[in-house]
Amino acid sequence: MTSFKTLLVTLLAAFSLSSMAQEATIRKNLTERLPNLPKIDEISKTPMNGLFEVRVNESEIFYTDAQGNFLIQGALIDTQARVDLTAQRLDRLTSIAFKDLPLKDAFTIVRGNGKRQMAVFEDPNCGFCKRFERDLLTIDDVTVHVFLYPILGPDSADKSRNIWCAKDKGKVFLDWMVRNVTPAAATCDTTALERNVEFGRKYRITGTPASFFVDGSRVPGAVGADRIEQALSTAKP
């Protein structure tokens, strides 16, 4: 038994060294040959024989061979299971625990007892967001953490500043989103809005609205009130 354990440890050590050497080869070749490639965060095997995942910029994925001779960008599909493995991987990399959302950079709108919670990233010039806010008016007993996310241009940044700097952020926001009342000009420290944009880039929030729930689930787009109600009712911390 002791000999078997020794052999097993030896084999595992050899495998580990081999994997490290292979990773080093890929990293060296890609870095030398593609100097504009962002710093490589991680190299890992994929379920496809001979194919390796190369992760950069925290959540950007490429694929390469064992020597780093080729670099591929695209979706890796498991045809037997009919699963997009790349999408699954990105979902894991960009998942956000509700407790990790920077709520200090949001303002809240409370309806009813506010017991249920959700967060939403919205650009004030997003037409879908305006429709979404009208639907949210029908949802009761919820606290909505609103992250202003000005990604549609300079006017979005101006409106976000005016909303964020208002005395009653929630009222000014809803007046604009639901009633089309233009926010009055206001100034204050808007570094929170800059952090929101950086946070969104990091976690691949590429469109608005984007909603998050206490179980870590993410719902992109202007889904209807019934879908939001279902997510609020089923989400458990």
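This is a predicted model: local features need pLDDT of at least 70, side-chain atom pairs count only at pLDDT 80 or more; totals for chains, interfaces and linings use all residues.
## Disulfide

A search of the whole structure finds 1 disulfide. The bond joins Cys165 to Cys188, with an S to S distance of 2.0 Å. The angle about the S-S bond is -80°, and the link of Cys165 and Cys188 is left-handed.

Cys165 sits in the loop between α4 (154–164) and α5 (169–179), while Cys188 sits in the loop between α5 and α6 (191–202), so the pair ties together parts that are 23 residues apart in sequence.

## Cysteine accessibility

Cys188, at 38% relative accessibility, counts as partly exposed, a class that lies between the 20% and 50% limits.

Cys126 has 5% relative accessibility and counts as buried. Cys129 has 0% relative accessibility and also counts as buried.

## Largest pocket

The volume of the largest pocket is about 160 Å³. Its lining includes Leu90, Asp91, Thr94, Ser95 and Ile96. Arg204, Phe212, Gly216, Ser217 and Arg218 also line the largest pocket.

Sorted by class, this lining has 3 nonpolar, 4 polar and 3 charged residues. Leu90, Ile96 and Phe212 are the nonpolar members.

Key. Residues are numbered from 1 along each chain as its sequence is written. Side-chain values use heavy atoms; hydrogens and water are left out. A disulfide is a pair of cysteine sulfur atoms within 2.5 Å. Helices (H or I, at least four residues) and strands (E, at least two) are DSSP runs, numbered from the N terminus. Buried means under 20% relative accessible area, exposed over 50%, partly exposed in between (1.4 Å probe, protein chains only). On a 1 Å grid over the protein atoms alone, a cavity is a set of points where a 1.4 Å probe fits but cannot get out, and a pocket is an open set with protein on both sides within 12 Å along at least five of seven lines; lining residues have an atom within 4 Å of a point. Grid points are joined across faces, edges and corners, and a volume is the space filled by probe spheres set on the points.
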